[in-house]
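Have the viewer open as you read.

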Amino acid sequence: MKEKLLEKLIRVLKAVEQAGNEGTWLTDIGKKTDLHRTTVGRLIEKHLSEFVTVDMVPPFNLKMVRMKPGKDLKGILRYLKVKERIEAVRNAK
């Protein structure tokens with residue numbers, strides 16, 4: 001995993017974690033992290049879908065993002081680090 005990607009993931013996770021149980025909107029995460037909201041959405045869909053829940057608000061298709069119960073930033077980073085090591089070994093063969 002590239003360092004810039006990991007940095008973006010950490011910024012997104014921190015913004016979601018700060019929101020707590022209430023959750024936050026993709027646009028708010030984008031403003032807090034200085035990333036475009038579509039970039040935030042793609043990062044969540046591709047890399048963080050196991051750790052956060054995304055709820056759609058029907059009339060406007062807005063997305064509310066919340067951290068799943070029992071998940072925290074340290075545990076997620078540990079998982080991503082292990083996943084990176086596994087991918088490195090797999091690519092080396």
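In what order do the three strands of the open sheet come? The order is β1-β3-β2, and the pairing is antiparallel. Before going on, a word on the source: this is a predicted model, where local features need pLDDT of at least 70 and side-chain atom pairs count only at pLDDT 80 or more, while totals for chains, interfaces and linings use all residues. Residues are numbered from 1 along each chain as its sequence is written, and side-chain values use heavy atoms, with hydrogens and water left out.

**The sheet**

Helices (H or I, at least four residues) and strands (E, at least two) are DSSP runs, numbered from the N terminus. Two strands count as paired if DSSP finds at least two bridges between them. The edges of this sheet are β1 and β2 (52-57), each of which pairs on one side only. Here is how the two pairings look:

| Strands | Bridges | Sense | Opposite residues |
|---|---|---|---|
| β1 and β3 | two bridges | antiparallel | Trp 25 and Met 64 |
| β2 and β3 | six bridges | antiparallel | Thr 53 and Arg 66 |

β2 and β3 also make a hairpin, with four residues between them. In that turn, Asn 61 has a positive phi of about 55°.

Lying across β1, β2 and β3 is α1, which runs at about 85° to β3. (Axes are lines fitted to C-alpha atoms, for helices over the stretch in contact, and angles run from 0 to 180 degrees between N-to-C directions.)

**A threonine in β1**

Is Thr 24 buried or exposed? Thr 24 sits in β1 (residues 24-25) and counts as buried because its relative accessibility is 6%; buried means under 20% relative accessible area, with a 1.4 Å probe and protein chains only. Leaving out neighbours within four places in sequence, its contacts (heavy atoms within 4.5 Å) include Ala 15, Val 16 and Ala 19, along with Lys 63, Met 64 and Val 65.

**The core**

A nonpolar core is a set of buried Ala, Val, Leu, Ile, Met, Phe, Trp, Tyr and Cys residues joined through side-chain atoms within 4.5 Å. The largest one here has 19 residues, and Val 12, Ile 44 and Leu 48 touch the most other members. At least two residues each come from α1 (3-19), α2 (26-33), α3 (37-47), β3 (62-67) and α4 (73-92). α1 gives the largest share, five residues. As for Leu 48, it touches Leu 9, Val 12, Leu 13 and Leu 43, not counting residues up to four places away in sequence.

Notes
Buried < 20%, exposed > 50% of the residue type's maximum accessible area, 1.4 Å probe, protein only.
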